[in-house]
Amino acid sequence: MTEPVRTVGDAKEPKGIKGPGHAKGTEQMASSFERCSSAEALLEEDAICSVPLACIQKLVVGKGRLSLEVALSPDAPRFTDARLAELACRRCPALPAHTCINSSGPTFGAVMQHTPVPHLLEHLIIDAQVRDPATEPQQRFVGTTAWTDQEAATAHIEVNFFDDIVALRAVSGALALLSDILAEYENGESGRR
C-alpha cells in the first residue's frame, strides 16, 4: 500500500488517516460494476455506483468526516497524466492551488499530472465543498487518500466537512464530474488511435 497523500484547505494540518486494508479480485470488481448499472441495483446493493468508470463502494458519515471506499473500473486509468489533469483544471481551475501535503511540493498542482485518480476525486470533493454557497469562507477542508489495493484499483478517501448535506452533495457532484472527465479522457484516447 502506498503512503496516503494528505490534502489540506489553506491551513496545514498534519493529521492523516490511513484506510483499512481492503482487497478484491479484478473479477469481483467487474461484477460489482455490472450490478451497479441500474437504479434497482443501487437500492439493492451496498455499493453506490454512478458511472462505469468509478464507483463508491462504501460511504460512512462520521462526526465531521466522510469515509469512502472507492473503486475504479478495470478500464479506468489508475493515475492522472498531463491531459487528464488539464481536463480536470478546465472544470475546476482552483485545483492546482489546493494545499496538498506531498513529496513534490506544497500544492496539488505539484502532483496532479501523476497522482492516483482517487486522489483527484478527493480534491474534486473538497473543491465542491469550498464552492458550495452554504460554505463559510473561513472553513478549511482536509482529506487523505491511499490505495487499499492498487492492482484492484480500490482506494480509501477521507475528507472532513462542516455540513453533512453540503458534503454529500459534494461527493455526488464530484463523482459525476470525475465521470465526465474520465469519459472525455477515454473518448480522446480512442480518437487518437
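Mentor: Let us start with a cut-off: a residue is called buried when its relative accessible area is under 20%, and exposed when that area is over 50%. Please keep in mind that this is a predicted model.

Trainee: Is Ala 153 buried or exposed?

Mentor: Ala 153 is buried, because its relative accessible area is 0%, and the residue is found in the loop between strand 6 and strand 7.

Trainee: What should I look for in the phi of a residue?

Mentor: Most residues other than glycine have a negative phi. In this structure, Ala 153 has a positive phi of about 60 degrees, although it is not a glycine.

Trainee: Which residues of helix 3 are buried?

Mentor: In helix 3, which covers residues 82-91, the buried residues are Arg 83, Leu 84, Ala 85, Leu 87 and Ala 88. At the start of this helix, a side-chain oxygen of Asp 81 comes to within 3.1 Å of the backbone nitrogen of Arg 83.

Trainee: How is a pair of aromatic rings described?

Mentor: Such a pair is described by the distance of the centres and the angle of the planes. A search of the whole structure finds two aromatic pairs; one of them is edge-to-face and is formed by Phe 141 and Phe 162, with 5.4 Å centre to centre and 80 degrees between the planes. Phe 141 lies in the loop between helix 4 and strand 6, and Phe 162 in the loop between strand 7 and helix 5, so the pair ties together parts that are 21 residues apart in sequence.

Trainee: What is the relative accessible area of Phe 141, and what is that of Phe 162?

Mentor: Phe 141 is buried, with a value of 2%, whereas Phe 162 is partly exposed, with a value of 47%.

Definitions and conventions: Residues numbered from 1 in each chain as written. Predicted model: local features only at pLDDT ≥ 70, side-chain atom pairs only at ≥ 80, totals over all residues. Heavy atoms only, no water. Buried < 20%, exposed > 50% of the residue type's maximum accessible area, 1.4 Å probe, protein only. Helix = DSSP H or I, 4+ residues; strand = E, 2+ residues; numbered from the N terminus. Polar contact = N/O pair within 3.5 Å; in protein donor to acceptor, adjacent residues only side chain to side chain. Phe/Tyr/Trp six-rings, centres within 6.5 Å; stacked < 30°, edge-to-face > 60°.
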